[in-house]
Amino acid sequence: MTDPSYFRYLPPVHEVASAVEEEGGGPETPKRMQIIRKALEEIRTTIADGSFQPADRQEAMQKTMERYQQLVDMPDRGLQRVINAAGTVLHTNLGRAPLSEKAASKVYETAIGYSSLEFDLGSGERGSRLAYLNERAASFCGTEAAMVVNNNAAAVYMVLKALSKHKETVVSRGELVEIGGSFRVSTIMEESGAILREVGTTNKTRYSDYASAVHEETAMVMKVHTSNFAVVGFTETTDTGELQKLKEAYPHLIIYDDLGSGSLYPFQHDGIGDEPVVRESAARADIISFSGDKLLGGPQAGIIAGKKVLIDQLKQHPLARVLRLDKMSIAALESAFDEHENETYPPAVSMITSPQSALMDLAQQRRRDDFQTLTLEPASGVSKVGGGTMPLVELPTGLLRLEKAGWSEASCAAFLRSCSPPLVVRLQDSACWLDMRTISEEEWGFVNKHLEKLDNA
Ligand SMILES: *Cc1c(COP(=O)(O)O)cnc(C)c1O
């Protein structure tokens, strides 16, 4: 047991605040008080667990001041811009799809002023931007209707809750996946109140498996894109087009396809993966949903598209208000749609389709041999799409291999992460690698400065 008397040496908050002020910290600020409280709380914990036993008030004060200073010197833990040199285009930890400058400036304008969010500029009366965006989403998906929500997880939840609550939804055991550690199809179903009816096996689910599970009371058959998981070898799945046959006996059955990344751009025409475009998937199902910030290349959003009777039920559901998209995301999604329409494409799409020859040329242009302690050599390799999308696809790319004499690759990577803006590299084969695919021309200026700093460190 810790001697409780040690706690009486802990200085009160106002004493620490005065000490900081006396040491030239200037007048008190709320942020400083918050850091002081945090420092004191941590010192209290070290006393409680017995690792710190101050001899007197002075020692406790000194320790608190040291900890305070460490907390002040810590890098900003808030959201920061980062340069992605790891080459994974839809890097979930780094915020998935980056927006174009044009899309970002539309977000900016929407954010700093008022907007026509719920105002019709023609009539001067109440109108809805969201209604317009929903119409555009439907036209991209080739469906009767569509609805955008906060993200695809919200879309899945809403579809199940509104259309299958207390009723059975049939899903293949091979598709009960977990995506990104926080999205489990089975958990979302449970939360929604839909009753999960598993069919088939991990590697094979046939039409007959679905057919024998469906009955009068079944609300839905759901297909889930396996995303970051692939079953290879001895496999069999049943596509939504085939599942439509179930409706001959059960006309009210809903065929729902959670596409996950859902692409508007035909990547397979460029020889990249075998993802069908959203239009093709939507034509086979009654309702589909997909993310806004995966292969679409827009902001975090979820797009639900399909038959009007179903979408209307969703629009009238109380959850529609809970899960609605905010005005900045509406601006960004509109821009991403514009870019697909004009065939200029959002940055994520351009990055994924960048040919290796261009990236190798970039690596040659950006190589340098004027360093004292660094080597920076071009090499070829592969990048990943990321975001749980096309896990087996390898995109041939151009890289720069970075090494610093006497430093481990982990130390170099940590140094570059501590620069401003932080640079995140790929670690592989005892070196750091910079992938040309995800670093823009404008960012390369920062990278050069960071490398010079590392050279001199
Ligand atoms: C990514 C993904 C989701 C979740 O989408 P978010 O937009 O990240 O919420 C749901 N289902 C599948 C199949 C996915 O791949």
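Arg367 is partly exposed, with a relative accessible area of 33%; the class covers values between buried (under 20%) and exposed (over 50%), computed with a 1.4 Å probe on protein chains only. The side chain of Arg367 meets that of Glu377 in a salt bridge, N to O 3.2 Å. Glu377 lies in strand β11 (residues 374–383) and Arg367 in the loop between α15 (356–366) and β11, so the pair ties together parts that are 10 residues apart in sequence. Glu377 is also partly exposed, at 40% relative accessibility.

This is a predicted model, in which local features need pLDDT of at least 70 and side-chain atom pairs count only at pLDDT 80 or more, while totals for chains, interfaces and linings use all residues. Residues are numbered from 1 along each chain as its sequence is written, and side-chain values use heavy atoms, with hydrogens and water left out.

A salt bridge here is a side-chain nitrogen of Lys or Arg within 4 Å of a carboxyl oxygen of Asp or Glu. By this rule there are 27 salt bridges. One of them joins Arg324 and Glu118, at 3.9 Å from N to O. Arg324 sits in the loop between α12 (319–322) and α13 (327–341) and Glu118 in the loop between α4 (101–112) and α5 (129–141), so this pair ties together parts 206 residues apart in sequence. Another is formed by Asp286 and Lys307, whose closest N and O atoms are 2.7 Å apart. Asp286 counts as buried at 3% relative accessibility, whereas Lys307 is partly exposed at 32%. Lys38, Glu42 and Arg67 are linked in a network of salt bridges.

Strand β11 also belongs to an open sheet of 4 strands, with the order β11-β12-β15-β14 and antiparallel pairing. Its edge strands are β11 and β14 (426–428), each pairing on one side only. Helices (H or I, at least four residues) and strands (E, at least two) are DSSP runs numbered from the N terminus, and two strands pair if DSSP finds at least two bridges between them. Strands β12 (residues 395–404) and β15 (residues 431–435) run antiparallel and are joined by 4 bridges; Leu400 has Leu434 in β15 as its bridge partner.

Two helices lie across this sheet's strands. Helix α16 (residues 409–417) lies across β12, β14 and β15, at about 45° to β15. Helix α17 (residues 441–456) lies across β11, β12 and β15, at about 30° to β12. Contact means heavy atoms within 4.5 Å; axes are lines fitted to C-alpha atoms, for helices over the stretch in contact, and angles run from 0 to 180 degrees between N-to-C directions.
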